[in-house]
Every structure is written in C-alpha cells, then in structure tokens.
Amino acid sequence: MNKETKNLGIAIIAGLAAGYALGLLTAPKSGKETREDIKVAGTKAYRAAEAQLKNVYEDLSDLIAKASAQGKKLGAKGREELDDLLAAAHDAQGRVKQLITSVRRGDATDGELEDAVAAAEVAKDELRTFMAEEK
C-alpha cells in the first residue's frame with residue numbers, strides 16, 4: 001500500500017467511528033445502550049487501527065530482512081548508506097510497535113497514528129528504492 005492509501009484508510013476509520021458515535025448519540029436509546037454501542041464502535045475502530053499497524057510493521061520487517069540480505073553483497077560505501085536506511089527503518093518500526101501498544105491501551109491519537117504510518121512508509125519507500133538501484 002502506498003502512503004496515500006494508508007492515510008485514506010486512517011481517515012476513513014476515524015470518520016466512520018466518529019459518524020457512528022454521533023449517530024448513536026442522537027438515536028432514541030437508553031443511556032446504557034448508547035454507551036455500550038459507543039464502546040463497541042470504539043473497540044472496532046481500535047482493532048482496525050491495530051490491524052493496519054501490524055500490517056505496516058510486518059511489511060517493514062520483510063523489507064528490512066530483504067535489504068539486510070542484499071547488503072551482504074555491497075561494498076563499503078553501499079553498505080554505509082544501507083546501514084543508515086536500516087537504522088531509519090528500525091526506528092520507524094519501533095514507533096509502530098510502540099503505537100500498537102498505545103492503541104491496545106486506548107491512548108493513541110490520530111496524529112500519532114498518522115505520523116508513525118507516514119514514517120514507516122518513507123522508510124519502506126527508501127529501502128525499496130535503494131534495493132532497486134543496487135540490483
């Protein structure tokens with residue numbers, strides 16, 4: 001998935017959750033039923049966000065492994081550049097992992113989610129570009 005697709009997915013999930021919650025708040029239900037419906041909607045949104053983050057994490061892990069394997073064939077200059085890219089990729093991967101934990105705790109923000117996904121996408125794109133150039 002590209003960056004725009006992921007950002008669109010995040011926006012859609014957030015919009016659906018907000019719209020659903022607003023609809024529940026205006027529906028003629030008891031407070032207890034409404035609170036339960038909001039809880040269910042929030043849980044679904046967090047699960048979707050967590051699944052998306054896990055996919056990003058796994059994609060990044062795969063690229064890191066492939067780039068590391070390809071790096072064994074590089075000279076000193078290429079290896080140095082790859083090491084910098086891998087460091088950035090590992091940093092982005094760590095941010096995504098921390099955010100997965102935050103999502104599970106329920107204290108992740110949309111901004112954090114967007115930033116972590118964007119950093120991971122940049123790292124993935126840079127690794128893909130480097131690997132394509134070094135072939």
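Predicted model: local features only at pLDDT ≥ 70, side-chain atom pairs only at ≥ 80, totals over all residues.

Residues are numbered from 1 along each chain as its sequence is written, and side-chain values use heavy atoms, with hydrogens and water left out.

Confidence came next. I read a mean pLDDT (the predictor's confidence in each residue, from 0 to 100) of 81 for the chain, with 86% of residues at 70 or more. Helix 1 (residues 3-26) has the lowest mean, 72, and helix 3 (residues 76-105) the highest, 88.

I found 4 helices and 0 strands (DSSP runs numbered from the N terminus; helices are H or I, at least four residues, and strands are E, at least two).

I then looked at one helix pair. Helix 3 and helix 4 (residues 110-134) pack at about 155°, with axes 9 Å apart (axes are lines fitted to C-alpha atoms over the stretch in contact, and angles run from 0 to 180 degrees between N-to-C directions). Helix 3 is therefore roughly antiparallel to helix 4 (angles over 145 degrees count so; under 35 is roughly parallel, 65 to 115 roughly perpendicular, and the rest oblique). Their crossing is left-handed. I listed residues making the contact (heavy atoms within 4.5 Å), among them Leu82, Leu85 and Ala89 of helix 3 and Ala116, Ala120 and Leu127 of helix 4.

Notes:
Left-handed = near helix turned anticlockwise from the far one by under 90°.
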